[in-house]
Amino acid sequence: MEKQFKITGMKCQGCVETVTARIKAVPSVSKVSVNLDDGIATVEGRDFNSRSVLACLKGTPYKIEPVYNESPFPFFKSHVSKDEEKKE
């Protein structure tokens, strides 16, 4: 599985290395890619616990939150007709 997290507070490559190492230490995480420019960490692994990823930066100057790529309520869109979509 792959999930993305928004990380704020990083200012340099040393920050990226610290964040990467902490996230990699979370059980079941196999790969971590952290982008300093957009503040996005892409985390891959088998059945890792997102809460553990969020908790791994506690006590650091960095803040982390999940990135939601999909609407949490996709069924609402499925009930809108094509004509109604064009009006919006």
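I started with the secondary structure of this predicted model, and I count four helices and four strands in the protein. Helices (H or I, at least four residues) and strands (E, at least two) are DSSP runs, numbered from the N terminus. Going from the N terminus, I read the elements as β-α-β-β-α-β-α-α.

A note to myself on ground rules: residues are numbered from 1 along each chain as its sequence is written. As this is a predicted model, local features need pLDDT of at least 70 and side-chain atom pairs count only at pLDDT 80 or more, while totals for chains, interfaces and linings use all residues; side-chain values use heavy atoms, with hydrogens and water left out.

Next I looked up the sheet. The four strands form an open sheet in the order β2-β3-β1-β4, with antiparallel pairing (two strands pair if DSSP finds at least two bridges between them). I find β2 (29-35) and β4 (63-66) at the edges, each pairing on one side only. From one strand to the next, the twist averages 25°. Helix α1 (residues 13-24) packs on this sheet and touches β1, β2 and β3, and its direction makes about 160° with that of β2. Axes here are lines fitted to C-alpha atoms, for helices over the stretch in contact, and angles run from 0 to 180 degrees between N-to-C directions.

Then I went through the pairs. β1 (residues 2-8) and β3 (residues 40-45) share five antiparallel bridges. Lysine 6 has isoleucine 40 of β3 as its bridge partner, and glutamate 2 stands opposite glutamate 44 in β3. β2 and β3 are antiparallel too, over six bridges, and valine 29 is partnered by glycine 45 in β3. In the hairpin of these two strands, four residues lie between them, and glycine 39 takes a positive phi near 70°.

How much of β3 is buried? Five of its six residues are, so β3 is largely enclosed by the rest of the structure. Buried means under 20% relative accessible area, exposed over 50%, and partly exposed in between (1.4 Å probe, protein chains only).

I also checked threonine 20, which sits in helix α1. It counts as buried because its relative accessibility is 15%. Leaving aside residues up to four places away in sequence, threonine 20 touches Val32 and Val34 (contact means heavy atoms within 4.5 Å).

Last, the totals: of the 88 residues, 30% count as buried. Among contacts between residues at least 6 apart in sequence, 62% join residues at least 24 apart.
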